[in-house]
Amino acid sequence: IEYIRSHYYNKVEYARFSSSLGKFVGFTQFGLKVADHFNNNAAYLAQEKAEKERYCLNNVGNDHRNA
């Protein structure tokens, strides 16, 4: 299970959080700056890391049962 949170502007993905990496990655010049800002914010980074347990692992049983 992997939690991914993507940030888009004008249909272009500029930054993404991946729970497998545990950090934000930038895809554009602006996205690199945003990712660096998010990665330096320890509270926000911890919140995103906890989203995998809160959202994904809590609902994985529902998806497999319905399939």
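Tutor: Apart from neighbours within four places in sequence, Glu-51 is in contact with Tyr-3 and Cys-56, where contact means heavy atoms within 4.5 Å. The model is a predicted one, in which local features need pLDDT of at least 70 and side-chain atom pairs count only at pLDDT 80 or more, while totals for chains, interfaces and linings use all residues. Residues are numbered from 1 along each chain as its sequence is written, and side-chain values use heavy atoms, with hydrogens and water left out.

Glu-51 belongs to helix H2, which spans residues 42–66. Helices (H or I, at least four residues) and strands (E, at least two) are DSSP runs, numbered from the N terminus. With a relative accessibility of 14%, Glu-51 counts as buried. The term buried is used for a relative accessible area under 20%, exposed for one over 50%, and partly exposed for values in between, with a 1.4 Å probe and protein chains only.

The side chain of Glu-51 also makes a polar contact, at 2.8 Å, with the side chain of Arg-54. A polar contact is a pair of N or O atoms within 3.5 Å; within protein, one atom must be able to donate a hydrogen and the other to accept it, and residues adjacent in sequence count only if both atoms are side-chain atoms. The pair of Arg-54 and Glu-51 is a salt bridge as well, with the closest N and O atoms 2.8 Å apart. That term requires a side-chain nitrogen of Lys or Arg within 4 Å of a carboxyl oxygen of Asp or Glu. Side chains of opposite charge can pair when their charged atoms come close. Arg-54 and Glu-51 are separated by about one helical turn, because they stand three residues apart in helix H2. Arg-54 is exposed, at 52% relative accessibility, whereas Glu-51 is buried.

How many salt bridges are there by this rule? The count comes to three. Another of them joins Arg-5 and Glu-48, whose closest N and O atoms are 2.9 Å apart. Arg-5 lies in strand E1 (residues 4–9) and Glu-48 in helix H2, so this pair ties together parts that are 43 residues apart in sequence. Glu-48 is buried, with a relative accessible area of 1%, while Arg-5 is partly exposed at 33%. A further salt bridge is formed by the side chains of Glu-13 and Arg-16, at 2.8 Å from N to O. Here Glu-13 is buried, with a relative accessible area of 16%, and Arg-16 is partly exposed, at 29%.

Both partners of Glu-51 named at the outset, Tyr-3 and Cys-56, are listed in the largest nonpolar core, which has 11 residues. Such a core is a set of buried Ala, Val, Leu, Ile, Met, Phe, Trp, Tyr and Cys residues joined through side-chain atoms within 4.5 Å. Its other members include Phe-17, Phe-24, Ala-35, Phe-38, Tyr-44 and Leu-45. The elements that give two or more residues to this core are E2, helix H1 (29–40) and helix H2. Beyond its neighbours within four places in sequence, Phe-24 has contacts that include Phe-17, Ala-35, Phe-38, Tyr-44 and Leu-45. Phe-24 is also in contact with Arg-16 and Glu-48, residues that take part in the salt bridges with Glu-13 and Arg-5 respectively.

Tyr-3 leads on to Ser-19. The side chain of Ser-19 reaches the backbone nitrogen of Tyr-3 at 2.8 Å. Ser-19 is placed in the loop between strand E2 (12–18) and strand E3 (23–26), and is buried, with a relative accessible area of 18%. Outside the four places on either side in sequence, Ser-19 is in contact with Ile-1, Glu-2, Tyr-3 and Lys-52.

Ile-1 leads back to helix H2. The C-alpha atoms of Ile-1 and Glu-53 are separated by 9.8 Å, although the two residues are 52 apart along the chain. Glu-53 is found in helix H2 and is exposed, with a relative accessible area of 61%, in contrast to Glu-51, which is buried at 14%.
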